[in-house]
Amino acid sequence: MVLALLVACQPPNGGPPASQPATGAWSMFRGDLARDGHPGGATLSPAGSARLALSWRGQLDGAIDGTPVVARGIVIVSSAGGTLTAFDALTGRMIWSKHDLGAISSSPAVDGNQSRVFVGTLTGRLYAFGLLRGEPIWQWTGPPDSALWASPVAYRDEVIIGIASPYGDVPLVAGRLVGLDASTGQARWTRCVRAGCEPGDGLWSTLAIDSHGVAFVGSATPMTACSRSTH
């Protein structure tokens, strides 16, 4: 079994890391919907990063291919072993853990109310759990043979997820975006990339949303772009 370590660092003089305000500031892939890696609450400076030292470490049952997210003093991280685990951001104490979800290669996402965490798997399933206790809220299953390589996007009262083929494109699945009700997991809309929802153009990357509510995402086989207004 492959084991992976989650490592937390902080300046050697103690206290919470400068990049983690009390309310949390890194609740999704690359920090915010712009995907620029510079959300407003992330204030770690080059000088501060030079003084980072090990604070704690945790162990998971597989490679960590995505990035951890932080909300309400909780670090949530997923593994290729199919596990989603929440740690106390300051002490590293495990708060809750969910196993056998299916291999995960993306980052979790926390909703705007910081009450739910969403995670997708390579088995084509999207899960919603309570942030504080990890209680199951809902589970959604994508089209047959699909894989969720991209990170889920929590936007307003929806969760948006990209659909792609499994590794090796066998079988080849139609790339599409699906918008789900964040409270119930019910699908609200589906947007296929190719005409007639033909196979191909899988959505492997995580979409970005601009200040006007327009979503952008890249696709593959062949390369095209899909955008949708989220208003």
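Is Asp 100 buried or exposed? At 72% relative accessibility, Asp 100 counts as exposed, where exposed means over 50% relative accessible area, buried under 20% and partly exposed in between (1.4 Å probe, protein chains only). The structure is a predicted model, in which local features need pLDDT of at least 70 and side-chain atom pairs count only at pLDDT 80 or more, whereas totals for chains, interfaces and linings use all residues. Residues are numbered from 1 along each chain as its sequence is written, and side-chain values use heavy atoms, with hydrogens and water left out.

**Confidence**

- The protein chain has a mean pLDDT of 86, and 84% of its residues reach 70 or more; pLDDT is the predictor's confidence in each residue, from 0 to 100.
- Over residues 11-24 the pLDDT is below 50.
- Where pLDDT is low, the predicted coordinates should not be read in detail.

**Aromatic pairs**

- Five aromatic pairs are found in a search of the whole structure. Rings of Phe, Tyr and Trp (its six-membered ring) pair if their centres lie within 6.5 Å; planes under 30 degrees apart count as stacked, over 60 as edge-to-face and the rest as tilted.
- Trp 56 and Phe 87 form a tilted pair, with 5.6 Å from centre to centre and 35° between the planes. Trp 56 belongs to strand E2 (residues 53-60) and Phe 87 to strand E5 (residues 84-88), so the pair ties together parts that are 31 residues apart in sequence. Helices (H or I, at least four residues) and strands (E, at least two) are DSSP runs, numbered from the N terminus.
- Trp 56 is buried, at a relative accessible area of 7%, and Phe 87 is also buried, at 2% relative accessibility.
- The ring centres of Trp 149 and Trp 204 are 5.0 Å apart and their planes stand at 35°, so this pair is tilted. Trp 149 lies in the loop between strand E10 (136-141) and strand E11 (153-155), and Trp 204 in the loop between strand E14 (187-192) and strand E15 (208-209), so the pair ties together parts that are 55 residues apart in sequence.
- Trp 204 is partly exposed, with a relative accessible area of 33%.
- Trp 96, Tyr 127 and Phe 129 are linked into a cluster by ring pairs.

**The sheet E3-E4-E5-E6**

- Four strands form an open sheet in the order E3-E4-E5-E6, with antiparallel pairing; two strands pair if DSSP finds at least two bridges between them.
- Strand E3 (69-71) and strand E6 (94-98) are the edge strands, each pairing on one side only.
- Neighbouring strands of this sheet are turned by 20° against each other on average, direction ignored. The axes are lines fitted to C-alpha atoms, for helices over the stretch in contact, and angles run from 0 to 180 degrees between N-to-C directions.
- The antiparallel pairing of E5 and E6 runs over four bridges, and the bridge partner of Thr 85 in E6 is Ser 97.

**Two buried aspartates**

- Asp 181 lies in strand E13 (residues 176-181) and is buried, with a relative accessible area of 16%.
- A polar atom of the Asp 181 side chain lies 3.0 Å from the backbone nitrogen of Thr 184.
- Leaving aside neighbours within four places in sequence, Asp 181 is in contact with Trp 138, Asp 157, Gln 186 and Arg 188.
- Asp 32 is placed in the loop between strand E1 (4-10) and helix H1 (46-49) and counts as buried at 19% relative accessibility.
- With neighbours within four places in sequence left aside, Asp 32 is in contact with His 38 and Pro 39.
- Asp 32 and Val 153 are 121 residues apart in sequence, and their C-alpha atoms are 9.7 Å apart in space.

**Backbone geometry**

- Most residues other than glycine have a negative phi, and most peptide bonds are trans.
- Val 170 and Pro 171 are joined by a cis peptide bond, with omega about -5°. Pro 171 is found in the loop between strand E12 (158-163) and E13.
- Arg 30, a residue other than glycine, has a positive phi near 60°. Arg 30 lies in the loop between E1 and H1 and is partly exposed, at 37% relative accessibility.
- Asp 100 is not a glycine either, yet has a positive phi of about 60°. Asp 100 is located in the loop between E6 and strand E7 (109-110).

Methods:
Polar contact = N/O pair within 3.5 Å; in protein donor to acceptor, adjacent residues only side chain to side chain. Contact = heavy atoms within 4.5 Å.
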